[in-house]
Amino acid sequence: GKFFVLHKQLDGGKWTDALETAKQLDQNDFERTPVLLFEAAGAHLVQAVPDELRFDALAAVPIEARQFPLAEDADALAHRRTAQGLYGRASDAAAKFGATLAANEASDRALWLALRDGDQKSQALAKLEASMRDPAHSLRRLGLALQYRLKLDLQAVEIEIERQSALTGGKSVVAALARLSIAFTKQGPREVAE
């Protein structure tokens, strides 16, 4: 029941209520219902996001993650770090249950928040760079890698995008988002079309 309450509060934009609910959760709640980790992380994350972008922050790692507005005052930073830790735990819990998509989503969110944290940025960049050598993560994290100006072999990336598209009959969301990320690096419409 706690999951449904927290989920409905977030879904309904009841940000203060969601935070209060998240603060009341304990380790037993997280062990009984691991998805609460993800929802509690969201309740903390939105506290550092402007009101008009809170639903966007909950939907996915923003396409322009590096520039996405996040408050940086002490209170907001504490919420961001709490959210990061909860997303990391949510990723571990989801992986334990074989929920790869959920584990990846939570892991990417934790990495994004670490990249935006001045105290953790260098370690997060190293983690991002290492993940770009892992086919299980490279296309999914391409947007972050390009935004943080990691040196990449874009020709090899485009070959992998084509391979993933072929394997899925053109239905890979990850490949489509990777293609979009590459399009953002192009100088104009003509270069995108090439």
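Let me begin with helix α11, which supplies the largest share of the lining of the largest pocket, namely 6 residues; please keep in mind throughout that what we are looking at is a predicted model. That pocket has a volume of about 710 Å³, and of the 29 residues that line it, those closest to its centre are Asp 108, Arg 140, Arg 141, Val 174 and Leu 177. Helix α11 is joined in this lining by α7 (100–115), α9 (142–147) and α10 (154–167), each of these helices supplying at least two residues.

Staying with α11, which covers residues 173–183, we find Val 173 in that helix, and Val 173 counts as exposed because its relative accessible area, 59%, is over the 50% cut-off. Val 173 also belongs to a nonpolar patch on the surface, formed together with Ile 63, Leu 177, Leu 180 and Phe 184, and the accessible area of these residues together is about 490 Å².

Turning now to the aromatic rings, the structure holds 4 aromatic pairs, one of which is formed by Phe 3 and Phe 4 in an edge-to-face arrangement, with 5.2 Å centre to centre and 70 degrees between the planes. Phe 4 is itself exposed, at a relative accessible area of 58%.

Finally, a word on Gln 24, which lies in helix α2 (residues 15–24) and is exposed, with a relative accessible area of 61%. Between Gln 24 and Ala 40 there are 16 residues of separation in sequence, while their C-alpha atoms are 9.9 Å apart in space.

Methods: Residues numbered from 1 in each chain as written. Predicted model: local features only at pLDDT ≥ 70, side-chain atom pairs only at ≥ 80, totals over all residues. Heavy atoms only, no water. Helix = DSSP H or I, 4+ residues; strand = E, 2+ residues; numbered from the N terminus. Buried < 20%, exposed > 50% of the residue type's maximum accessible area, 1.4 Å probe, protein only. Phe/Tyr/Trp six-rings, centres within 6.5 Å; stacked < 30°, edge-to-face > 60°. Patch = residues over 30% accessible without salt bridge, like charges linked within 9 Å, V, L, I, M, F, W, Y side chains within 5 Å. Areas by Shrake-Rupley, 256 points an atom, 1.4 Å probe, with all protein chains shown as cover. Salt bridge = Lys/Arg side-chain N within 4 Å of Asp/Glu carboxyl O. 1 Å grid on protein atoms, 1.4 Å probe; cavity = no way out; pocket = protein on both sides within 12 Å on 5 of 7 lines; lining within 4 Å. Points joined across faces, edges and corners; volume = space filled by probe spheres on them.
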